[in-house]
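Trainee: I'd like to learn how to read a model like this one, feature by feature. Could we go through it together?

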Amino acid sequence: MDVVPNTGSIQGSSEQALANALQISREMLELARTGEWPQVIALEERRGLLLQGILSSAHASLIRPAHLREKLEALVAYDEALMSLAREAQQEIISALEQLGKSRQGVSRYHENQMLE
């Protein structure tokens, strides 16, 4: 049996906290897909505190190693998907700013030409 005597509830709560972290990760990914980045950031803070509590405590050793590995690999996969979406959003912002800069230059040139006439 994987449970150390008298620690079953601690193990259960640690595994539940890990499951909660995965659920938060799924929510973050869905929000990122719809461009709700401020909400993604807020959830990241919650998830980070949750994971820090799990992994920095002695309770992490109570989670079955195979289960812990499986859940951590799922978290990494969610993070990789989030990072990909973040890079795409960053590129969209860069493109929009470049276009805005070009538009601003065009307006400036127009005004300069109007002043010369």
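Trainee: Which residue forms a salt bridge with K71, and how far apart are the closest N and O atoms?

Mentor: A salt bridge here is a side-chain nitrogen of Lys or Arg within 4 Å of a carboxyl oxygen of Asp or Glu. In this case K71 pairs with E70, and the closest N and O atoms are 3.9 Å apart. Before we go on, some ground rules: this is a predicted model, where local features need pLDDT of at least 70 and side-chain atom pairs count only at pLDDT 80 or more, while totals for chains, interfaces and linings use all residues. Residues are numbered from 1 along each chain as its sequence is written, and side-chain values use heavy atoms, with hydrogens and water left out.

Trainee: Is K71 buried or exposed?

Mentor: We call a residue buried under 20% relative accessible area, exposed over 50%, and partly exposed in between, using a 1.4 Å probe and protein chains only. K71 is buried, since its relative accessible area is 19%.

Trainee: How many helices and strands does the chain have?

Mentor: Helices (H or I, at least four residues) and strands (E, at least two) are DSSP runs, numbered from the N terminus. The protein chain has 3 helices and 0 strands, so reading along the sequence you get α-α-α.

Trainee: How does the span of helix 3 compare with what it should be?

Mentor: The expected span is 1.5 Å times one less than the number of residues. Helix 3 covers residues 65-116, which is 52 residues, so it should span 76 Å; its end C-alpha atoms are 76 Å apart, in agreement.

Trainee: And which residues of helix 3 are buried?

Mentor: H67, L68, K71, L75, Y78, L82, L85 and A89 are buried there. For the whole protein chain, buried residues make up 25% of the 117 residues.

Trainee: Which residues have the most contacts inside the largest nonpolar core?

Mentor: A nonpolar core is a set of buried Ala, Val, Leu, Ile, Met, Phe, Trp, Tyr and Cys residues joined through side-chain atoms within 4.5 Å. The largest one has 18 residues, and L18, M28, L51, I54 and L82 have the most contacts inside it. Helix 1 (8-33), helix 2 (37-56) and helix 3 each supply at least two residues of this core, with helix 1 giving the most, 8 residues.

Trainee: Let's zoom in on L51. What does L51 touch?

Mentor: Contact means heavy atoms within 4.5 Å. L51 sits in helix 2 and is buried, with a relative accessible area of 16%. Not counting residues up to four places away in sequence, L51 touches L18, A21, S56 and L75. Take L18: 33 residues away along the chain, yet the two C-alpha atoms are separated by 7.2 Å.

Trainee: What share of the contacts with a separation of 6 or more comes from residues 24 or more positions apart?

Mentor: In this protein chain, that share is 73%.

Trainee: Back to charges. How many salt bridges does a search of the whole structure find?

Mentor: The search finds 5. The one between R47 and E44 has its closest N and O atoms 2.8 Å apart, and both residues lie in helix 2, 3 residues apart, about one turn of the helix. An α-helix has 3.6 residues a turn, so residues three or four places apart point the same way. R47 is buried at a relative accessible area of 4%, whereas E44 is partly exposed at 33%. E44, R47 and D79 are linked in a network of salt bridges.

Trainee: What else does R47 touch, leaving out residues up to four places away in sequence?

Mentor: R47 touches A21, I24, S25, M28, L75 and D79.

Trainee: Where do E73 and R69 sit relative to each other?

Mentor: E73 and R69 are 4 residues apart in helix 3, about one helical turn. Their side chains meet in a salt bridge of 2.9 Å, N to O. E73 is partly exposed at 44%, while R69 is exposed at 57%.

Trainee: Last one: which residues make a nonpolar surface patch?

Mentor: Patches use residues with over 30% relative accessible area and no salt bridge; like charges are joined within 9 Å, nonpolar side chains (Val, Leu, Ile, Met, Phe, Trp, Tyr) within 5 Å. Here I93, L97 and L100 make one of about 320 Å². I93 belongs to helix 3 and is exposed, with a relative accessible area of 51%. Areas come from the Shrake-Rupley method with a 1.4 Å probe, and for residues only the protein chains shown count as cover.
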